[in-house]
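Hi,

Here is the structure I said I would pass on.

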Amino acid sequence: MIYYKTNEEIELIRLSSLLVGKTLAETARSIKPGVTTAELDRIAETFIRDHGAIPAFKGYGGFPGTLCISVNDVVVHGIPGNQVLQDGDLVSVDCGVILNGFYGDSAYSFAVGTVSEEKRLLMQRTKESLYRGIEVAKAGKRIGDIGYEIQTYVEQYGYSVVRDLVGHGLGRHLHEKPEVPNYGKRGVGTMLQAGLVICIEPMINLGRRQVIQERDGWTIRTADRLPSAHYEHAIAIMEGKTEILSSFDEIEKVLESQQ
Ligand code: MG
Ligand code: MG
């Protein structure tokens, strides 16, 4: 079943999701060649706990990290560890927190040093596809309208949409109904209505859409080993408007200051 949220609950999910954005921004300061993914994970965990929240991914289904850190051909669910980031890497960082009993969830893809034009465009267009999906996510539309928008936007560039992983409802649980695929048909699926809080999170591959899971039971990698990008916002469908609950503002302030 779908849990529709009250405005008070939506404000709590907003607080949680904004903390995720701040955590990603704090992490972004250290995303540079030479840093290990474990160091980034420590920074994020300390920041979350210092703000009175709990890292939501740590221990979720047995996941060992605070962040999912997915480098280049890793799509999502990369486990933080000894991997050293290199100039030219594309790194997707996904973060969740629990604050006041509500989850926040958001993700952003970063360039490490200078990336190829191919990767830069993949990141830029994946982020754009997220905002296009959000743009159609209004009361009275359906889940399929979101996926259709994302899919048609990215496929014009020859990219592909990962099918095996999807967005989701968000609230007192990290993954609630409904599923929010990043592909689909117009006018199909659950109707969006006030009180629905969902995460839209396109995972877009430069090459083919097929993915494989590594033996660690988590890491999802592209089958063709070409890079993938991932951005995620939590949004709330409200009467007459849709609000983005998470924010990339803090992250992008850090990125601008680094240029
Ligand atoms: Mg996420
Ligand atoms: Mg999510």
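Below is what turned up, starting with the overall fold and then moving to the metal site.

Keep in mind that this is a predicted model. The protein has 5 helices and 15 strands. Its C-alpha trace spans about 45 × 45 × 40 Å along the principal axes. The radius of gyration is 17 Å, which agrees with the value near 18 Å that a compact globule of 259 residues would have. Of those 259 residues, 56% count as buried. Among contacts with a separation of 6 or more, 71% are between residues 24 or more positions apart.

As for the surface, the protein exposes about 11,200 Å², and carbon and sulfur atoms supply 47% of that. There are 28 positive and 34 negative charges, and their mean positions are 3 Å apart.

Now the metal site. The magnesium ion (ligand 2) has Asp 105, His 168, Glu 201 and Glu 232 as its protein donors, at 2.1 to 2.3 Å. Along the chain these donors follow the spacing D-x62-H-x32-E-x30-E. Glu 201 sits in the loop between strands E9 and E10, and Glu 232 in the loop between strands E13 and E14, so the pair ties together parts that are 31 residues apart in sequence. Both count as buried: Glu 201 has a relative accessible area of 6%, and Glu 232 is at 0%.

There is also the magnesium ion (ligand 1), which lies 3.1 Å from the magnesium ion (ligand 2). Which residue coordinates both? That is Asp 105.

Cheers

Technical notes
Residues are numbered from 1 along each chain as its sequence is written. Chains are lettered from A and ligands numbered from 1 in the order in which they are written. This is a predicted model: local features need pLDDT of at least 70, side-chain atom pairs count only at pLDDT 80 or more; totals for chains, interfaces and linings use all residues. Side-chain values use heavy atoms; hydrogens and water are left out. Donors are N, O and S atoms within 2.8 Å of the metal (3.2 Å for Na, K and Ca); water is not among the atoms, so sites may look incomplete. Helices (H or I, at least four residues) and strands (E, at least two) are DSSP runs, numbered from the N terminus. Buried means under 20% relative accessible area, exposed over 50%, partly exposed in between (1.4 Å probe, protein chains only). The radius of gyration is taken over C-alpha atoms; the globule rule is 2.2 Å times the number of residues to the power 0.38. Contact means heavy atoms within 4.5 Å. Accessible areas come from the Shrake-Rupley method with a 1.4 Å probe; for residues, only the protein chains shown count as cover. Lys and Arg count as positive and Asp and Glu as negative; His and the chain ends are not counted. The place of a charge is taken as NZ of Lys, CZ of Arg, CG of Asp or CD of Glu.
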